[in-house]
Amino acid sequence: AEDKVKRWDRTAFFVDTTLDFLRRHPDRPCYVNLWPDDTHTPFVPGPAMKAKHGGGDDGNGEANFKGVLEEYDRQMGRLLDGLERLGIAGNTLVLFTGDNGPAPTYGRRRTGGLRGSKLSLYEGGIREPLLVWWPGRAPAGRVNDVTVLAAVDLLPSLCKVAGASIPGDVAARLDGEDLSAAFTGGSPARTKRLFWEYGRNATSFAYPRAPADRSPNVAVRDGRWKLLVNADDSNVELYDILADPKETKNLAAEAPDTAARLSAQALGWRKALP
């Protein structure tokens, strides 16, 4: 198929399309998903960025990564400037986040030193930044490192922000909860546990190259505790994630009751999936 939009121009195309949509639908509420993939391998900067950062042909190379990251940053600036010019910035909530951690991590520099990466359930694989931009509503420069908010919380949180009600029977089945107060400077505490699974069919899934970054394939977060376990109930790992975010000390033997409780919950959740 013809490559009408070069990879290094995709995000500019997405931003142009988004702003055009908003321009053509003034005063109407909407939800827009804008999914750039600049920083997903292979890293393919345009000629100018490749020259600026000394990039080459290595799709995993750090010079190429810097080139695509700068272009991505530039395009997000165009998006926010465009919202300002349209006069809708104060009534537009913009959330920046990612679906999983980075690969490659460049010696864990891209994970802030956290263990794991994409393809892993350690914190480097699942702990993502969430940046909130909402002029006049989200306090600038505020850092919230307390609220544990996951993608499953976005639906109820955005419904709350938009004034949309969720039918009671649907709300009762949601894995997420309304944590929208975090968007405007609050520090709400979650009440529901979070669960993850990666690699159900081990023969068709990729895993991190570094053995220390390859995690058990089921995980649960409950307050300060995080437990990882394989689907066959082996390799139980328990961490006090507040005291040990880099997951260096397995406390399963020291806190066997907590490990047993969370392991049963994680495996029970996994079995309940379709």
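Modeller: Quick definition first: buried means under 20% relative accessible area, exposed means over 50%, and partly exposed is in between (1.4 Å probe, protein chains only). Heads-up, this is a predicted model, where local features need pLDDT of at least 70 and side-chain atom pairs count only at pLDDT 80 or more, while totals for chains, interfaces and linings use all residues. Residues are numbered from 1 along each chain as its sequence is written, and side-chain values use heavy atoms, with hydrogens and water left out.

Colleague: OK, is Arg270 buried or exposed?

Modeller: Its relative accessible area comes out at 18%. The cut-off is under 20%, so Arg270 counts as buried.

Colleague: And how far apart in sequence are the parts that Arg270 and Glu197 tie together?

Modeller: The two form a salt bridge (a side-chain nitrogen of Lys or Arg within 4 Å of a carboxyl oxygen of Asp or Glu), with the closest N and O atoms 2.8 Å apart. Helices (H or I, at least four residues) and strands (E, at least two) are DSSP runs, numbered from the N terminus. Arg270 sits in helix 7 and Glu197 in strand 3, so the parts they tie together are separated by 73 residues.

Colleague: Which residue does Arg10 meet in a salt bridge?

Modeller: Arg10 is partly exposed at 27%. It lies in helix 1 and its partner in the loop between helix 1 and helix 2, so the pair ties together parts 27 residues apart in sequence. At 2.8 Å, N to O, that partner is Asp37.
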